[in-house]
Amino acid sequence: MAFPHLQQPSFLLASLKADTINKPFAQRCQDLVKVIEDFPAKELHAIFPWLVESIFGSLDGLLIGWNLRSLQGRVSPVEFSIAMEFLDPGGPMMKLVYKLQAEDYKFDFPVSYLPPLPGALHVRTSDCAYFILVDRYLSWFLPTEGSVLPLLSSSPGGPSPSPAPRTPAMPFASYGLHHPSLLKRHISHQTSVNADPASHEIWRSETLLQVFVEMWLHHYSLEMYQKMQSPHAKLEVLHYRLSVSSALHSPAQPSLQALHAYQESFTPTEEHVLVVRLLIKHLHAFSNSLKPEQVSPSAHSHATSPLEEFKRAAVPRFVQQKLYLFLQHCFGHWPLDASFRAVLEMWLSYLQPWRYAPEKQPQSSDGQARCVSERWAPFVQENLLLYTKLFVGFLRRALRTDLVSPKNALMVFRVAKVFAQPSLAEMIQKGEQLFLEPELVIPHRQHRLFTAPTVTGSILSSWPPAVTDTSFKVKSHVYSLEGQDCKYTPMFGPDVRTLVLRLAQLITQAKQTAKSISDQCGESTASRPFLSWLGFYLSDTNSSYPANDLDDMGQDSIRKTDEYLEKALEYLCQMFRLSEAQLAQLTLALGTAQGENGKKQLPDCIVGEDGLILTPLGRYQIINGLRKFDIEYQGDSELQPIRSYEIASLVRLLFRLSSTINQRFAGQMQALCSRADFLGRFCRYHLMEPGLTDKHLLSPVGQGRAASRARGPRLSLRFLGSYRTLLTLLLAFFVASLFRVGPLPCALLLVLGYFLYAAAMTLLTEQGKLHQP
């Protein structure tokens, strides 16, 4: 943070600046504590702006501050303890603040200077001084227990006097291009002299909440958001983007450039989202700490304490609108990766205030999930868009993600589980019915306008009358955020149901894909020979999934993916009442039904002279990943590209040698393979390419298959050019040497062993052919 107008440095300020260079951190903090206690406010007010910059850093980067975002107790315990004690809500820094306020000193600090959190660091946020301090300040100024705020003593002699109530210098405008000062005046002092003395303390809680909201949720105005939602603005922004990328279009208007800048410039980080979630969770606990008899608006009276009034108004008056805009921006601009989990959990935390209530939710009859109490129906209805429109936004994101990934599958599961809580869907439907209820033209409704709630002073001085018309409250909520001309899409209407069906299709497809990966991984593991565990295994070049992908996925991850998707599909069926018949139709439409032998069906095709020919339906199935052929190499095995596990020069030398042998002895090899006795079968096993003539036509082929059928017997020595083969031979000779077996006897034993193996395989292969139909 930085203050635009610094006072002329006094002797005290110059001395403190010099200490930042000459003294260690602990000594500087001790000196600051003594200065705050001993010096009068007249001297202290000159050092306050510099002190704030020295702690939090300056916008120009000259002062980096105490780096609270990466300061951790387990890394720097001494510095951490000193900083936390100094900045504690009851510590020296806040004593300085109250000491200056008692003397009516003011500091001009524009809202535009409030920074969002910068890029996230790779540290645990729960251990960082920044997050711990935020939690402490929330607990201090927004207490969940008791109805009186703690007082702060400026000296051991007693508490500092509270500043007298003052009228704001200007109304506080939450939105707009002109940012007023936030620290120039108290935002809530319009109370009378005879008002409850406790109201003199509530403004501190209001100010803290306002500062946090302005820092973390204020990025563009409601008016700007509503302009961006209009079809005309979207068309104009599209023209602007085209004008940037193409010289054929005319330059965009300045107003559209500003609109585009508002739309694209703000990019929150995961750390930013985590601190907003911390604020939301505490605000829910703060609001839920109301006594049961004070929850209902009808309980509002002059006898209610100001803190209890503030608890009731904190979320709807200060947070709801800006959080909705913030979430809308995140849903539309966040990358389609697993980091969206932070935004998701922040959203789900806001949607479930009952999780932070002191009383437990009632258990459902089946004992599986807790039923959402009817007490929360007003909250659901008055936050309808945060449930419905953002749910649709999540559906659109989910349809563009890879649900085979366990992290993406987990996000779909989390959302489905939250929305499938018993009675929550009914509350949302009731809210939609109230919004879609036609507006009756009766006297007390004729001149009502749906306007957004404003924060123009104390919530205590301008408390609006309680509105008992539930339908009007829901309409006011929707129109205040989306505008009077918004077109609302019901969450349980046909359009959203179509999206849910598409997501169910995607989930079914992802489950089948995960199962295919799991089956292939299991088959490849089971088929590996013993030497593969030593690293001497030839990769299957015809595998549908790379080996590294299978290793990265892992059986545990595949199992988790299947579990998440299975439960997510179950929850979606509960919410939208999808029947088993509908799910069966989805499965058939995806083409994931299995054949009679349990194998996946091939793409739709017909049999031609040279193999299978795809039909239009088959092309559609392949393009959309619904079905696929088992792809395998069908060319000349001797002419395959040299693999990474082969020695290139040796492979070429062996190819020339085998080609020479095949040309010189082609007639003799043909004669041997034509014999009907065991020698003929033995030669055919080694000299003829296996399997091509015996395989079914399971993939579309051209003339390559015919060419492969025409090749006669030949010798192939390419296997000797593999690193693995040579290493296996070296390992065999090494093991033989340990038993005092020389190279020549070892080679003879290897040849003899191979001939025995080949003879057995020849007999088994021939018997298998005799038993084929």
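What follows is a set of questions and answers about a predicted model.

Colleague: How many aromatic pairs does the structure hold?
Modeller: The model is predicted, and the count is computed from it. A pair of aromatic rings is described by the distance of the centres and the angle of the planes. The number of aromatic pairs in the structure is 25.

Colleague: Are the rings of F286 and F310 stacked or edge-to-face?
Modeller: The ring centres of F286 and F310 lie 5.6 Å apart, and the planes stand at 65°. Planes over 60 degrees apart count as edge-to-face. The angle therefore makes the pair of F286 and F310 edge-to-face.

Colleague: Which helices hold F286 and F310, and how many residues apart are they?
Modeller: The two residues link distant parts of the chain, being 24 residues apart. Both F286 and F310 are buried. F286 belongs to helix α11 (residues 270–288), and F310 to helix α12 (residues 306–333).

Colleague: The charged end of R397 sits over the ring of which residue?
Modeller: One aromatic cluster is formed by F331, F340, W347, Y387, F391, F394, F419, F492 and F576. The charged end of R397 is 3.8 Å from the centre of the ring in question. That ring belongs to F340.

Colleague: How far is the charged end of K475 from the centre of the ring of F435?
Modeller: The charged end of K475 sits over the ring of F435. For K475 and F435 the distance is 5.5 Å.

Colleague: Is K322 buried or exposed?
Modeller: K322 is placed in helix α12, and its side chain has a polar contact of 2.5 Å with that of E214. Residues under 20% relative accessible area count as buried. K322 has a relative accessible area of 5%, so it is buried.

Colleague: What is the N to O distance in the salt bridge of D127 and R74?
Modeller: The structure holds 18 salt bridges. The one between D127 and R74 links distant parts of the chain, 53 residues apart. D127 is in the loop between α5 (92–102) and α6 (129–141), whereas R74 is in the loop between α3 (41–56) and α4 (77–87). The N to O distance between the side chains of D127 and R74 is 3.2 Å.

Colleague: Why does R675 count as partly exposed?
Modeller: The side chains of R675 and D677 meet in a salt bridge of 2.5 Å, N to O. R675 counts as partly exposed because its relative accessibility is 39%.

Colleague: How far apart in space are I55 and G65, C-alpha to C-alpha?
Modeller: I55 is in helix α3 and is buried, with a relative accessible area of 1%. In sequence, I55 and G65 are 10 residues apart. In space, C-alpha to C-alpha, the distance is 4.4 Å.

Colleague: What is the phi of R577?
Modeller: Most residues other than glycine have a negative phi. R577 is not a glycine, yet its phi is positive. R577 is found in the loop between α20 (547–576) and α21 (580–590) and is exposed, with a relative accessible area of 54%. The phi of R577 is about 55°.

Colleague: What is the area of the nonpolar surface patch that includes L731?
Modeller: L731 is in helix α27 (residues 723–738) and is partly exposed at 31% relative accessibility. The patch is made by L731, F734, V735, L738 and F739. Its area is about 520 Å².

How values were computed
Residues numbered from 1 in each chain as written. Predicted model: local features only at pLDDT ≥ 70, side-chain atom pairs only at ≥ 80, totals over all residues. Heavy atoms only, no water. Patch = residues over 30% accessible without salt bridge, like charges linked within 9 Å, V, L, I, M, F, W, Y side chains within 5 Å. Areas by Shrake-Rupley, 256 points an atom, 1.4 Å probe, with all protein chains shown as cover. Salt bridge = Lys/Arg side-chain N within 4 Å of Asp/Glu carboxyl O. Helix = DSSP H or I, 4+ residues; strand = E, 2+ residues; numbered from the N terminus. Buried < 20%, exposed > 50% of the residue type's maximum accessible area, 1.4 Å probe, protein only. Phe/Tyr/Trp six-rings, centres within 6.5 Å; stacked < 30°, edge-to-face > 60°. Lys NZ or Arg CZ within 6 Å of the ring centre and 35° of its normal. Polar contact = N/O pair within 3.5 Å; in protein donor to acceptor, adjacent residues only side chain to side chain.
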